[in-house]
Amino acid sequence: MIKILETRDANASEILFISNENEATTLGITAIESIQAYKKVTPLLETQRICLGIEWKEQHKTFDPFHRLDWFELGAALMQSIKHTNINSLHIDVFPSSDSDLQTFLLGIAQANYEFDTYLPKKKEKEIGISLSNDVQNQYNATKFKWNYLDSSMRIARNMVNETPEEFNPKTAVDFVKTQLRDYKHVSVVTMSYDDLELRGMQGITFVGRASRYKPQMVHVTLKPKGVTKKKIVLVGKGLTYDCGGLDIKYGGSMRTMKMDMGGSAAMFGVINTFAQLQPESTEIHWITAYAENMIDGSSYKADDIVTTYSGQTVEVYNTDAEGRMTLADMLAYATELNPDIIVDAATLTGAAIRAWGHEFISLMSNDFELYDQIQLAMEEVGEWCAPTPLWESLRSQVKGDASDLINTSKTDSKEAGHITAGLFLSHFVDQKLFRGDRWDKIDTKKEFKWAHLDIAGPAYNEKKNKIGVSGATGSGIRGLVYWIDSLDM
Ligand code: BES
Ligand code: ZN
Ligand code: ZN
């Protein structure tokens, strides 16, 4: 755990930020490699001081808008380098950037310290104390978004993902959410049982989840602002507590790590949990997740089944492993009923997003340019990089059915641009003009809602340590979405 200390420890290592050669020389750093330290992410460790380079944002020849100083990454790099040393006390005398960068830097330190050690005999986390000079303390006090709000939310979210699928299943998940949020007066949690979902005709969810010992359940969390509601945002998270693929079973080791398939729900929980503590002024936030397990028994849904979704649109199942979009279809249609200004979903949706962008980038899609830009910029501000992913209209025919409105993979090759065709599939469930049936025909003015989709299949989980030394669940999406919502909340 990280603690902010009142006074400086006698044996504290001072953190020095170096931005050029002169500073390095003044500090007595002479060796050629060390002078280069100001351009490196790797900290230079000495007994009483730790030098951190902050000039590694130089322009690259190639087009890489993402290569710039990232305070979260820098904090994490510092933590990684001292993790296995006996340094356990730090001091910051001067911090060379903004108040919010200071919080991001501290959050990076705290998050790189996180370990999933529930099943180990000894805690793996380090106890670290950090003291601040008066000036830095003033900077620290100047912002309302302290690192520890995000840190505690991200820890819970990462634990949710890292926890075993046996422990974290659709039933325990719903109980967990209720327990976590029960003490906040401005937060309410409504749950829908399997029978409720069936009665409502949410076959996208019930078909996918019905072969599990733990039947699907939906949570709908509402968070009220301090004042009058000026904006309403609905967050939707994919919540597959396990995805074995269903009858189209995952093979050759590709099933392992599929406990992460509720990473979207964990991200949205993280956002809600942060705003539960720091109540928004005028933004009402909803969070919807259907928790389900994609499993196999005699009741499994099958390729060839045609499912009638909550929206009334029919979907032919081509592959039972494309289950996430089936459940999201119902959640998104349900989200439109709340008549929000904006809908955002996060999902570990496709292997294609990983093949296209790797593990560092969120694949961001939207049906609205302005919303796209807003989210992209907010994410970038905190160092959560989004790869711009167009919803190419010419690919839409790939998800159109012959015997149904839609199919759940792509017609010609489900591996080609699979993250985009998945996004296009989802777009059909935020446009009420496409919805059919009594429930929807009652609505006078059917709307297409502003919507953004974050495919976090890559960044949500790292089997090996990522560049900042984090493995397992990462809490991807939380920091950026919190920052984005806060920037809208006036
Ligand atoms: N949960 C997976 C996507 C995934 C894969 C997330 C790897 C994280 C790591 C999703 O349900 C899935 O299996 N998608 C299929 C879709 C295909 C059958 C059209 C995929 O991406 O292969
Ligand atoms: Zn799947
Ligand atoms: Zn899945």
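Along the chain of this predicted model, the donors of the zinc ion (ligand 3) follow the spacing K-x4-D-x17-D-x61-E. These donors (N, O and S atoms within 2.8 Å of the metal, or 3.2 Å for Na, K and Ca; water is not among the atoms, so sites may look incomplete) come from Lys238 (NZ), Asp243 (OD), Asp261 (OD) and Glu323 (OE), at 1.9 to 2.4 Å. The arrangement of the six donor atoms is octahedral, because they subtend angles of 77 to 174°. Ideal angles for six octahedral donors are 90 or 180 degrees.

Distant parts of the chain are linked here: Lys238 lies in the loop between strand S9 (231–237) and S10, and Glu323 in the loop between S13 and H11, 85 residues apart. Helices (H or I, at least four residues) and strands (E, at least two) are DSSP runs, numbered from the N terminus. Lys238 is buried at a relative accessible area of 1%, and Glu323 is buried at 0%. Buried means under 20% relative accessible area, exposed over 50%, and partly exposed in between (1.4 Å probe, protein chains only).

The zinc ion (ligand 2) sits 3.2 Å from the zinc ion (ligand 3), and Asp243 coordinates both. Around the zinc ion (ligand 2), the coordinating atoms belong to Asp243 (OD), Asp321 (O), Asp321 (OD) and Glu323 (OE), at 2.0 to 2.2 Å. Here the six donor atoms subtend angles of 71 to 166°, which makes the arrangement irregular. Asp243 is buried, with a relative accessible area of 3%, whereas Asp321 is partly exposed at 21%.

Elsewhere, two helices meet. Helix H4 (residues 99–113) packs against helix H6 (residues 147–162) at an angle of about 35°, with axes 9 Å apart; axes are lines fitted to C-alpha atoms, for helices over the stretch in contact, and angles run from 0 to 180 degrees between N-to-C directions. Contact (heavy atoms within 4.5 Å) involves residues including Leu106 and Leu107 of H4 and Trp147 and Met154 of H6.

Residues are numbered from 1 along each chain as written, while chains are lettered from A and ligands numbered from 1 in the order written. Local features need pLDDT of at least 70 and side-chain atom pairs 80 or more, whereas totals for chains, interfaces and linings use all residues, and side-chain values use heavy atoms, without hydrogens and water.

Notes:
Tetrahedral: all angles 85-135°; square planar, octahedral: opposite > 155°, others 65-115°.
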